[in-house]
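Subject: Structure handover

Hello,

Here is the structure for your own work. My notes on what turned up follow below it.

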Amino acid sequence: FKEFKEDDGLLLIYINVIYSPSEFYVTFQNDEKWSGHFKTLQLKLDGYYRVSQNRSFLSMSNPTPDSLCVFFRKSYERGVVEGLHEDYIYVRSVDTGLRHHVPRSNVYRMAEQFRKVSCYARRCTLSEIQPFDGTDWDSDCLRIFGQIRHTNITTLG
């Protein structure tokens with residue numbers, strides 16, 4: 001867990017995935033309440049989408065980038081479509097930040113009741129930080145920045 005100051009106290013976060021200093025995803029881990037809400041959401045998703053008539057009704061015939069969806073890999077997850085391919089859809093989990101290539105047959109429209117729940121993963125970027133050459137982060141920079149996941153940060157500022 002990483003600790004950041006917030007106006008009303010300490011805010012604990014977990015860095016889920018790092019793509020670069022320009023894009024990484026965190027979840028807030030303030031207490032056991034968060035964990036309970038997330039597990040409950042996963043159980044509800046799983047129960048709802050395992051019913052075949054719900055999956056048929058919510059099949060995604062014409063997905064478009066930025067469409068909210070539910071996808072199945074090992075379990076059902078909420079996501080957003082990031083790209084399309086003839087055989088699969090490139091999705092990002094809105095609750096973890098992880099990206100996946102998912103067969104088209106395993107991607108569904110998100111039912112309204114699951115749209116009302118806030119996303120658990122928050123996209124972050126380091127402000128005013130960019131690659132030296134102005135284009136892409138090199139592998140050494142990505143490796144060094146990736147080590148932040150294993151560093152205990154107690155104060156910033």
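**Salt bridges**

The side chains of Arg 99 and Glu 82 meet in a salt bridge, 2.6 Å from N to O. A salt bridge here is a side-chain nitrogen of Lys or Arg within 4 Å of a carboxyl oxygen of Asp or Glu. This pair links distant parts of the chain: Arg 99 is in strand β7 (residues 99–103), Glu 82 is in strand β5, and the two are 17 residues apart. Strands (E, at least two residues) and helices (H or I, at least four) are DSSP runs, numbered from the N terminus.

Before going on, the ground rules. This is a predicted model, in which local features need pLDDT of at least 70 and side-chain atom pairs count only at pLDDT 80 or more, while totals for chains, interfaces and linings use all residues. Residues are numbered from 1 along each chain as its sequence is written, and side-chain values use heavy atoms, with hydrogens and water left out.

Glu 82 also forms a salt bridge with Arg 92, with the closest N and O atoms 2.9 Å apart. Glu 82 lies in strand β5 (residues 76–84) and Arg 92 in strand β6 (residues 88–93), so this pair ties together parts that are 10 residues apart in sequence.

How accessible are they? Buried means under 20% relative accessible area, exposed over 50%, and partly exposed in between (1.4 Å probe, protein chains only). Glu 82 is partly exposed at 29%. Arg 99 is partly exposed too, at 23%. Arg 92 counts as buried, at 16%.

These residues belong to a network of salt bridges that links Glu 23, Glu 82, Arg 92, Arg 99 and Arg 123. The structure holds 6 salt bridges. One of them joins Asp 46 to Arg 50, with the closest N and O atoms 3.0 Å apart. Asp 46 is partly exposed at 22% relative accessibility. Arg 50 is partly exposed at 46%.

**Nonpolar cores**

A nonpolar core is a set of buried Ala, Val, Leu, Ile, Met, Phe, Trp, Tyr and Cys residues joined through side-chain atoms within 4.5 Å. The largest one has 12 residues, including Phe 38, Leu 41, Leu 45, Val 70, Met 110 and Tyr 120. Helix α1 (residues 32–49) gives the most to this core, with 4 residues. A second, separate core has 8 residues, among them Met 60, Val 81, Ile 89 and Val 102.

**Aromatic pairs**

A search of the whole structure finds 9 aromatic pairs. Rings of Phe, Tyr and Trp (its six-membered ring) pair if their centres lie within 6.5 Å; planes under 30 degrees apart count as stacked, over 60 as edge-to-face and the rest as tilted.

Phe 38 and Tyr 120 form an edge-to-face pair, 5.2 Å centre to centre with 85° between the planes. Phe 38 lies in helix α1 and Tyr 120 in the loop between α3 (112–115) and β9, so the pair ties together parts that are 82 residues apart in sequence. Both Phe 38 and Tyr 120 are buried.

Phe 72 and Tyr 76 form a tilted pair, 4.7 Å centre to centre with 50° between the planes. Phe 72 is partly exposed at 22% relative accessible area, whereas Tyr 76 is buried at 5%. Phe 72 and Tyr 76 belong to one aromatic cluster, together with Tyr 48, Tyr 49, Tyr 108 and Phe 114.

**Ile 129**

Ile 129 sits in the loop between β9 (121–124) and α4 (139–146). Which residues does Ile 129 touch, not counting those up to four places away in sequence? They are Ser 22 and Trp 137, where contact means heavy atoms within 4.5 Å. Ile 129 and Ser 22 are 107 residues apart in sequence, yet 7.5 Å apart in space, C-alpha to C-alpha. Ile 129 is partly exposed, at 44% relative accessibility.

**Cysteines and confidence**

The structure holds 0 disulfides (a pair of cysteine sulfur atoms within 2.5 Å). Cys 119 is partly exposed at 30% relative accessibility, and Cys 124 is partly exposed at 23%.

The chain has a mean pLDDT of 80 (the predictor's confidence in each residue, from 0 to 100). Of its residues, 83% reach 70 or more. Over residues 1–6 the pLDDT is below 50. Beyond near neighbours in sequence, that stretch has 25 contacts in the model.

Best wishes
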